[in-house]
Amino acid sequence: MDASPSSEPFGRRWMHVRKILERSGPFCQPEFSPSVNIFEFLMKTCKILVIGAGGLGCELLKDLALMGFCDIHVIDMDTIDLSNLNRQFLFRRNDIGSSKALCAAKFITERIPSCNVTPHFCKIQDYDQDFYRKFHIVVCGLDSLVARRWINGMVTSLLVYEDDGSIDQSSVIPIIDGGTEGFKGGARVILPGVTACIECTLELYPPQITYPLCTIANTPRLPEHCIEYVKLIQWEKESPFDSELDGDDPQHVSWVYEKAQERANQYNITGLSYRLVQGVLKHIIPAVASTNAIIAANCVTEVFKIATSCYQFYNNSLLFNDIDGIYTYIFESEKKEDCLNCSNIPMTVSFESADSITLERLIEFLCTDVAFQMRSPGITMNVDGKNKTLYISTVKSLEERLRPNLKLTLEELNVKNGQELTVTDQTNPNSVTIRIKYTNEV
């Protein structure tokens, strides 16, 4: 094949990519047919969504652009802070205070003119199915399990099923998920409905320290409950500061500490300290630039394989650790048959009896159990063909009216053995179904 610069659509810059796509090799998939059309698809048609423009996101954007992807969108709701500059290399000091998505998109587009990066300075929850449906591949560079679970649920909801129950493969949008923590990292290839999703392997993620809103507001028992109450409720109503809560601002931390101490005294809770307030507010996750680079390289390589079909992508999870030398391991995460997200089977939740658990304890269970790890679940059940809301915390007027239900047992709420409950939560854009089982009933 003529590889002269004049025959190339974008000059010699992309020779390294074209050599892979325009000739066969010993590691190519059997069905792979080398062609110049594959590279044209990469540059002119393939649409990639990157979620997160932080340490990992900057690496992902740079690698995708240098691999020939020319239609990239990036979503990030954060602004640039001074502490970001040591590893988020797309930003400069004069960018502090500006949108990460906007600055990252501008940097990449100016450096590689053939690449068009479209920024979205917003939350992922601000867009609906129509937005996500137009992408070929979604790449996640997130530090939040809640956000991972939400996008996992959104992409799964886009699946189209045939009459025989099989999945229309054209509706499958692959998710490439990367994550780092210090000198450790991981990457996953998720084919929604086909391979294990985030919810299938939720137990493998470190449990997020969360507290049900009903407990925080009504029955605090820990100093952390008092801090979260001030953070989530009192700050917006009573804060003397005209800004969002900043865990690095000593004045903000001191105000939260003072208010949390008042609430702790009210409920005879001990153990509150200034240092504990800082820890609860900031949720610090260590970041190492080299780990971000390695994980991003793995993720983008898998994006390239899936987009071009030139090589087999890995199945399906990679772990990386370079604390005591370099160690990598690839393994297959198994799909869970009763997964809350990607199966049509309600997950069964077992308790001893209907009178042994209150609605409040059920909500706490959904928040703390490793298989659920919800944040503020709302619960509805169907009674005689009509939906009856048992509790919801996101609508203030409803929360106040339904708050007495928290102290009632499932027996008093008429939740029978085998009853299916519909649960909504911020970790999933869709509702999920659980089935209640009482072990002392046949």
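Predicted model: local features only at pLDDT ≥ 70, side-chain atom pairs only at ≥ 80, totals over all residues.
Leu56 touches Cys140, Gly141, Gly178, Gly179, Thr180, Asn292, Ile295 and Ala296, when residues up to four places away in sequence are not counted. Two packed helices are described by the angle between their axes and the distance between the axes.

**Leu56 and its setting**

- Leu56 is found in helix 3, which covers residues 55-66, and among the residues that Leu56 touches are Asn292, Ile295 and Ala296.
- Because its relative accessibility is 6%, and buried means under 20%, Leu56 counts as buried.
- Leu56 and Glu258 lie 202 residues apart along the chain, and their C-alpha atoms are separated by 36 Å.

**Helix 3 against helix 11**

- The axes of helix 3 and helix 11 cross at roughly 45 degrees and come within 8 Å, an angle that makes helix 3 oblique to helix 11.
- The crossing of helix 3 and helix 11 is right-handed, and on the helix 3 side the contact is made by Gly55, Leu56, Glu59, Leu60, Asp63 and Leu64.
- On the helix 11 side, the contact with helix 3 is made by Ala289, Asn292, Ala293, Ile295, Ala296, Ala297, Cys299, Val300 and Val303.
- Sorted by class, the contact of helix 3 with helix 11 has eleven nonpolar, two polar and two charged residues.

**Helix 2 against helix 11**

- Helix 2 (residues 36-44) packs with helix 11 (residues 289-308) at an angle of about 120 degrees, and their axes are 10 Å apart; that angle makes helix 2 oblique to helix 11.
- Helix 2 passes helix 11 in a right-handed crossing, with Ile38, Phe41 and Leu42 of helix 2 and Phe304, Ala307 and Thr308 of helix 11 making the contact.
- The residues of the contact of helix 2 with helix 11 divide into five nonpolar and one polar, with no charged residue.

**Ser99 in its loop**

- Ser99 has its place in the loop between strand 2 (71-75) and helix 4 (100-111), and because its relative accessibility is 4%, where buried means under 20%, Ser99 counts as buried.
- The side chain of Ser99 reaches the backbone nitrogen of Ala101 at 3.3 Å.
- Once its neighbours within four places in sequence are left aside, Ser99 is in contact with Asp78, Thr79, Ile80 and Phe121.

Note on methods:
Residues numbered from 1 in each chain as written. Heavy atoms only, no water. Axes fitted to C-alpha atoms, helices over the stretch in contact; angles between N-to-C directions. Helix = DSSP H or I, 4+ residues; strand = E, 2+ residues; numbered from the N terminus. Parallel < 35°, antiparallel > 145°, perpendicular 65-115°, else oblique. Left-handed = near helix turned anticlockwise from the far one by under 90°. Contact = heavy atoms within 4.5 Å. Nonpolar A, V, L, I, M, F, W, Y, C, P; charged D, E, K, R; others polar. Buried < 20%, exposed > 50% of the residue type's maximum accessible area, 1.4 Å probe, protein only. Polar contact = N/O pair within 3.5 Å; in protein donor to acceptor, adjacent residues only side chain to side chain.
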